[in-house]
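Q: I would like to learn how to read a few features of a protein model. Could you take me through them one at a time?

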Amino acid sequence: MKRIVTLLVAVLMATVVSAQSLEKAKPESVGMNPKMLEEADRLIAEAAAKKDFPGAVFAVVRHGKLVHLEAFGDKQWLPEKAPMKKNTIFDLASVSKPTSTAVCMMILVERGKIRLTDKVKDYLPGFKGYATEKGDTIDIRIADLLTHSSGLPAYAPVATVVEQGGANPKALLDYIKTCPRSFAPKSRFRYSCLNFISLQHVLEAVTGQTLAEFAQQNVFDVLGMKDTSYGPIVEKKKLNRVAPTEKQPDGTILLGSVHDPLARVLNHGNSGNAGVFSTAEDLAILYAALLNGGEINGHRIMGRLTVDKMFSVPENVKHLGRTLGWDSYSSYAGNKGDLFSSKAVCHTGYTGTSVVLDPENDVAMILLTNAVHPSDSGRTGRLRSAVANLVAGAIMD
């Protein structure tokens, strides 16, 4: 009997971690105009030719199918030139926030491990709230971190943190626990990497696992996302597929190590604000699952109501326009363009990544560029919005 149980567990684990991909289909088969997507291709290729960035991979998902996937320009210029390919692995930068950290936190909510209204200090002892002028304290809660309404600073001074406590996650967390809170929770919006690093530590306190481990086991492996993980890239055989990012002061090029300094220097790749490496095809699987209520091809990561909650702006921060991990209509939502529905959510990453999901129209677009290579001088802002408009305009039904 014990042997049978062991074999069943082995079979289940093999099923969980086996790679999968979305069914490919022509745009017109899912009610999309292929000529509009070809026009988006033209804009991206033109931007790459003008050297706005070395290269890009562009993907569109609708009704659970991958209907468009193209590569443009170069994967890298240094140390030698190499062409971009459809299976290039990108440093997602802040697209890691909704793609991994927010998804993982909502899984914990769904499993009864945390509540969105829980006080952060209950998981991270010593985590300060906001001190009012009257001398009262307003506690920061889990939802405040997810919606960027906590009042925490946008970032942390890496050199100062290292000097005070060393180049380690504890030093960064100690800084976050007591750094200034400049407004009352839920009163304003300020995009902050420290919000999501705090969420990382909440998850780790609850689960006893690192964020990287939890995401791998509960999201990436479950969906068969074969090329998705936190950096640095462990599988050396994949390094030749990774798009390098910025040239460092010592002349080296970051390759397979996360670009974001907080994530790289202080959190060593396991970080709530950045650190996920992935391909457009892998992201297509995850976003198709989210658009389908948390499941795709028989692989489920969360329930439909959980996804709906994550994509909704909470009532008490309607004036801010941020959902639980995603952007909806804040000042940071420019990459969503002008035409997607009011239910569409989006996010960008500093390295040049951009994603938009529209649940109302069951469509997702993924535009991955390596705009920080090699000198952090790329331009993607207007292109993201224009491509989003073309994808939205391609919907015919």
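This is a predicted model: local features need pLDDT of at least 70, side-chain atom pairs count only at pLDDT 80 or more; totals for chains, interfaces and linings use all residues.

A: Happy to. Residues are numbered from 1 along each chain as its sequence is written, and side-chain values use heavy atoms, with hydrogens and water left out.

Q: Which residue forms an aromatic pair with Trp326?
A: A pair of aromatic rings is described by the distance of the centres and the angle of the planes. Rings of Phe, Tyr and Trp (its six-membered ring) pair if their centres lie within 6.5 Å; planes under 30 degrees apart count as stacked, over 60 as edge-to-face and the rest as tilted. Here the partner is Tyr287, in an edge-to-face pair with 6.2 Å centre to centre and 75° between the planes. This pair links distant parts of the chain, 39 residues apart: Tyr287 is in helix H10 (residues 280-291) and Trp326 in the loop between H11 and S12. For these labels, helices (H or I, at least four residues) and strands (E, at least two) are DSSP runs, numbered from the N terminus. Tyr287 is buried too, with a relative accessible area of 0%.

Q: How many aromatic pairs are there by this rule?
A: The count comes to 4 aromatic pairs. One of them joins Phe189 and Tyr332 edge-to-face, at 5.4 Å centre to centre and 90° between the planes. Phe189 sits in the loop between helix H6 (169-178) and helix H7 (193-207), and Tyr332 in the loop between helix H11 (304-310) and strand S12 (345-349), so the pair ties together parts that are 143 residues apart in sequence. Phe189 is buried at 19% relative accessible area, whereas Tyr332 is partly exposed at 43%. Together with Tyr191, Phe189 and Tyr332 form one aromatic cluster.

Q: How do I read the packing of helix H3 against helix H8?
A: Two packed helices are described by the angle between their axes and the distance between the axes. Axes are lines fitted to C-alpha atoms, for helices over the stretch in contact, and angles run from 0 to 180 degrees between N-to-C directions. H3 (residues 96-110) and H8 (residues 211-220) pack at about 75°, with axes 10 Å apart. The two helices are therefore roughly perpendicular; that label covers 65 to 115 degrees, with under 35 roughly parallel, over 145 roughly antiparallel and the rest oblique.

Q: Which residues of H3 and H8 meet?
A: Contact means heavy atoms within 4.5 Å. On the H3 side the residues include Ser100, Thr101 and Val103, and on the H8 side they include Leu211, Phe214 and Ala215. Thr101 is buried, with 0% relative accessible area. Beyond four places in sequence, the contacts of Thr101 include Phe196, Leu199, Leu211 and Tyr230.

Q: How many disulfides does the structure hold?
A: A disulfide is a covalent bond between the sulfur atoms of two cysteines. The rule asks for a pair of cysteine sulfur atoms within 2.5 Å, and the structure holds 0 disulfides. For Cys193, the nearest cysteine sulfur is that of Cys179, 13 Å away. Cys346 has its closest cysteine sulfur in Cys193, at 16 Å, too far for a bond. Cys193 is buried at 8% relative accessibility, and Cys346 is buried at 0%.

Q: What should I look for in the backbone?
A: Most residues other than glycine have a negative phi, and most peptide bonds are trans. In this model, a cis peptide bond joins Leu78 and Pro79, with omega about 0°. Pro79 is in the loop between strand S3 (65-76) and strand S4 (82-83). The bond from His373 to Pro374 is also cis, with omega near -5°.

Q: Where does His63 lie, and what is its phi?
A: His63 lies in the loop between strand S2 (55-62) and S3. Its phi is positive, about 50°, although His63 is not a glycine. Asp376 likewise has a positive phi, of about 55°, and is found in the loop between S14 and H12.

Terms used
Buried means under 20% relative accessible area, exposed over 50%, partly exposed in between (1.4 Å probe, protein chains only).
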